[in-house]
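Please read the following report beside the sequence and the coordinates, with attention to how the parts pack against one another.

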Amino acid sequence: MPEHLANRIKERRTELGLTQAALAERVGVTRKTVNTVENGVFTPSTLLALKLAESLDVTVERLFWIEE
Amino acid sequence: MTERTISERADYLSRRRARSLPFLAIIYFTQQVTFLSALGNGPHRDVDHFKIGAWVVLSVVLLLALATKGFWLQPKPVRDLIDDESTRANRLDAMRIGFLFACSAALAAYFIAEFQPLTVGEAAHLVLTFGLGAALIRFGFLERRAHRDA
C-alpha cells in the first residue's frame with residue numbers, strides 16, 4: 001500500500017485561530033502552498049516542514065507522520 | 001508596501017495566472033491550426049511569415065513566463081513570494097511533461113519526414129508547439145488544483 005505524509009496542520013491552525021493566509025504569512029509562502037500541504041496534495045521540503053512546525057508551535061514529528 | 005499587501009498581491013496574481021494559463025494554451029494551439037494544416041505544402045506566403053513571426057514572439061514570451069518567475073513588472077518581494085516552494089515544484093513537473101511531449105513531437109516529426117519532407121523550421125515548430133503547449137497546460141492544471149480548497 002502506498003505511503004503518504006499525513007498532517008494535523010488544519011487542526012493545529014484552527015486551535016491557534018489562524019487562517020491559511022495568516023499561517024502562510026508567518027512561514028513566508030503563499031496561501032496556496034499552505035493549502036496544498038494541508039490537503040496532502042504537496043509534500044513539503046524539510047525546510048518548509050520545520051518552518052510550519054515552528055510557526056504552529058509543535059514539533060515536526062507531531063505535525064507530520066507517515067500513513068499507509 | 002506592507003507584508004499583508006505583498007501576500008495578498010502574490011495570492012491574487014497567482015490565482016490570476018492559474019485561471020489564465022489554460023486559455024493561453026488554447027490560444028497558442030489555435031494559432032497553430034493553420035500552420036499544421038499547411039505542413040509540407042511548400043514555400044510560405046508573406047502572410048504565413050507574419051503568422052510565424054507572431055508565433056515565435058508568443059513562444060518566447062510563454063517560454064520565459066514558464067521558465068522564470070514571470071510577473072516581471074511586479075516588485076521583487078511579490079515575485080519571490082509567487083515563486084514559492086509549491087509553485088517551483090509545479091513548474092518542474094510541467095517542464096517534465098513538456099520535455100516528454102517535445103520528445104514525442106520530435107519522434108513524430110521524424111516519422112512524418114519519412115513520407116512527407118519537412119523543413120528544419122517546420123520540425124522545430126512542431127517540437128516547440130507541443131512541448132511548450134503541454135507544459136503550459138500541465139502548469140495551469142497543477143496551479144488551479146493547488147488553489148482549490150479541499
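What covers the buried residues of helix 4 of chain A? The cover includes helix 1 (9-15), helix 2 (20-27), helix 3 (31-38) and helix 5 (60-63) of chain A, together with helix 4 of chain B. This is a predicted model, in which local features need pLDDT of at least 70 and side-chain atom pairs count only at pLDDT 80 or more, while totals for chains, interfaces and linings use all residues. Residues are numbered from 1 along each chain as its sequence is written, and chains are lettered from A and ligands numbered from 1 in the order in which they are written.

**Helix 4 of chain A**

Helices (H or I, at least four residues) and strands (E, at least two) are DSSP runs, numbered from the N terminus. In helix 4 of chain A, residues 46-55, the buried residues are Leu48(A), Leu52(A) and Ser55(A); a residue is buried if 20 or more other C-beta atoms lie within 10 Å of its own, exposed if 12 or fewer, and partly exposed in between, with C-beta atoms placed from the backbone. Just after helix 4 of chain A, Asp57(A) takes a positive phi of about 60°.

Val37(A) lies in helix 3 of chain A and counts as buried because it has 27 C-beta neighbours inside 10 Å. Leaving aside neighbours within four places in sequence, Val37(A) is in contact with Asn7(A), Ile9(A), Phe42(A), Pro44(A) and Leu52(A), where contact requires that the C-beta atoms of two residues, placed from the backbone, lie within 7 Å.

**Two helix pairs**

Axes are lines fitted to C-alpha atoms, for helices over the stretch in contact, and angles run from 0 to 180 degrees between N-to-C directions.

| Helix pair | Axis separation | Angle |
|---|---|---|
| Helix 2 and helix 3 of chain A | 8 Å | about 105° |
| Helix 4 and helix 5 of chain B | within 7 Å | roughly 150° |

Angles under 35 degrees count as roughly parallel, over 145 as roughly antiparallel, 65 to 115 as roughly perpendicular and the rest as oblique. Helix 2 and helix 3 of chain A are therefore roughly perpendicular to each other, whereas helix 4 and helix 5 of chain B are roughly antiparallel. The contact of helix 4 of chain B with helix 5 of chain B has 20 nonpolar, five polar and four charged residues; Ala, Val, Leu, Ile, Met, Phe, Trp, Tyr, Cys and Pro count as nonpolar, Asp, Glu, Lys and Arg as charged, and the others, Gly among them, as polar.

Chain B has five helices and zero strands, and its C-alpha trace spans about 60 × 30 × 20 Å along its principal axes. Of its 150 residues, 27% count as buried.

The contact between the chains takes 16 residues from chain B and 16 residues from chain A. On the side of chain B, the elements giving two or more residues are helix 1 (3-37), helix 3 (76-82), helix 4 and helix 5 of chain B, and the largest share, five residues, comes from helix 1 of chain B. The residues on this side of chain B divide into six nonpolar, four polar and six charged.
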